[in-house]
Amino acid sequence: FRYACKLIMRFTDQYGSQHWCSASGAMVDARTVITAGHCVYVRYSNWTPFFSYADVIYVIPAWDGQGSTQPPPGPGSNASLYNFGYATSTFYLSTVDWVSNGNFDGDMAVIRLSDRAVGKLIGWFSTGWEDNCTVNLSRYYGYAGYPSEGCGGGLHTGKDMYYWGGTFHDCPDNQLHITTSPGCFTTAWGGMSGGAFYYSSNGLRVAQALCSTS
């Protein structure tokens, strides 16, 4: 679970106002994190136009909820409160399909860490893919991420890492789908975007898909 990361992003909308958001990501080498495209480039949020990349992204590997929910280096959020500190980035890439067209088929991105090769400390996922995702429907996957869209009773505060394990149900248009039902633990919530779905192979954890939308 060290490879799973909490992401905190600052965006500036088209009116000049700044907004803080949170998401999930996964280390795939010493300085690279994969996540969903809409976590690094926002087109609209609550009907407000952004059309911009994040000003800065903070990456906190394996956060266990210690410290402030404010972004580093906010009050109570010094690096000593995190298991492996945190890293920052101002360099990210997403797909033309997402950035130009808002097409969730291209809802993926990579983040290049600017100041710390934190993967050297914690390790990272291997990556894998297939041309036809139907071969994956019988494969068992895990997922770890940080839901931050409140679900009542103090759940989903963005400070706790949640785990899911199971199989996908179908894959229309080469997208892996899970059939969900309403509930705090039976569907995807805001903040989980960008977390990796991975499987085990020969002792490696192989990231193959990203959480995109509910």
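Predicted model: local features only at pLDDT ≥ 70, side-chain atom pairs only at ≥ 80, totals over all residues.
Colleague: Let's take the sheets. What holds strands together?

Modeller: Strands of a sheet pair through backbone hydrogen bonds, either parallel or antiparallel. Here, strands (E, at least two residues) are DSSP runs numbered from the N terminus, and two of them pair if DSSP finds at least two bridges between them.

Colleague: Which strands does β3 pair with, and over how many bridges?

Modeller: β3 pairs with β2 in the antiparallel sense over three bridges, and with β9 in the antiparallel sense over four. On the β2 side, Ala 26 stands opposite Ile 34, and a hairpin of two residues joins β2 to β3. On the β9 side, Val 33 has Ile 111 as its bridge partner. For another pair in this sheet, look at β1 and β2, antiparallel over nine bridges, where Arg 10 is partnered with Trp 20.

Colleague: Are the two faces of β3 buried or exposed?

Modeller: The general idea first: in a regular strand the side chains alternate between the two faces of the sheet. In β3 (residues 32-35) both faces are covered, with Thr 32 and Ile 34 buried on one side and Val 33 and Thr 35 buried on the other. Buried means under 20% relative accessible area, exposed over 50%, and partly exposed in between, using a 1.4 Å probe and protein chains only.

Colleague: What does the five-stranded sheet look like?

Modeller: That open sheet runs β10-β14-β13-β11-β12, with mixed pairing. β10 (126-127) and β12 (162-166) are the edge strands, each pairing on one side only. Inside it, β13 (residues 196-201) and β14 (residues 204-210) are antiparallel over six bridges, and Ser 201 stands opposite Leu 204.

Colleague: Now the cysteines. How many disulfides are there?

Modeller: A disulfide is a covalent bond between the sulfur atoms of two cysteines. Counting a pair of cysteine sulfur atoms within 2.5 Å as a disulfide, a search of the whole structure finds two. One joins Cys 133 to Cys 171, S to S 2.4 Å, and is right-handed, with 120 degrees about the S-S bond. Cys 133 sits in the loop between β10 and β11 (141-145) and Cys 171 in the loop between β12 and β13, so this link ties together parts 38 residues apart in sequence.

The other joins Cys 151 to Cys 184, S to S 1.9 Å. Its torsion is about -90 degrees, so that one is left-handed. Cys 151 lies in the loop between β11 and β12 and Cys 184 in the loop between β12 and β13, so parts 33 residues apart in sequence are tied together. Both Cys 151 and Cys 184 are buried. With the bonded cysteines numbered in sequence order, the pairing is 1-3, 2-4.

Colleague: Last one: which residues lie nearest the centre of the largest pocket?

Modeller: A pocket is an open set of points on a 1 Å grid over the protein atoms alone, where a 1.4 Å probe fits, with protein on both sides within 12 Å along at least five of seven lines; lining residues have an atom within 4 Å of a point. The largest pocket is lined by 45 residues, and Leu 176, Phe 197, Ala 209, Leu 210 and Cys 211 lie nearest its centre. β14 gives the largest share of that lining, four residues.

Key. Residues numbered from 1 in each chain as written. Heavy atoms only, no water.
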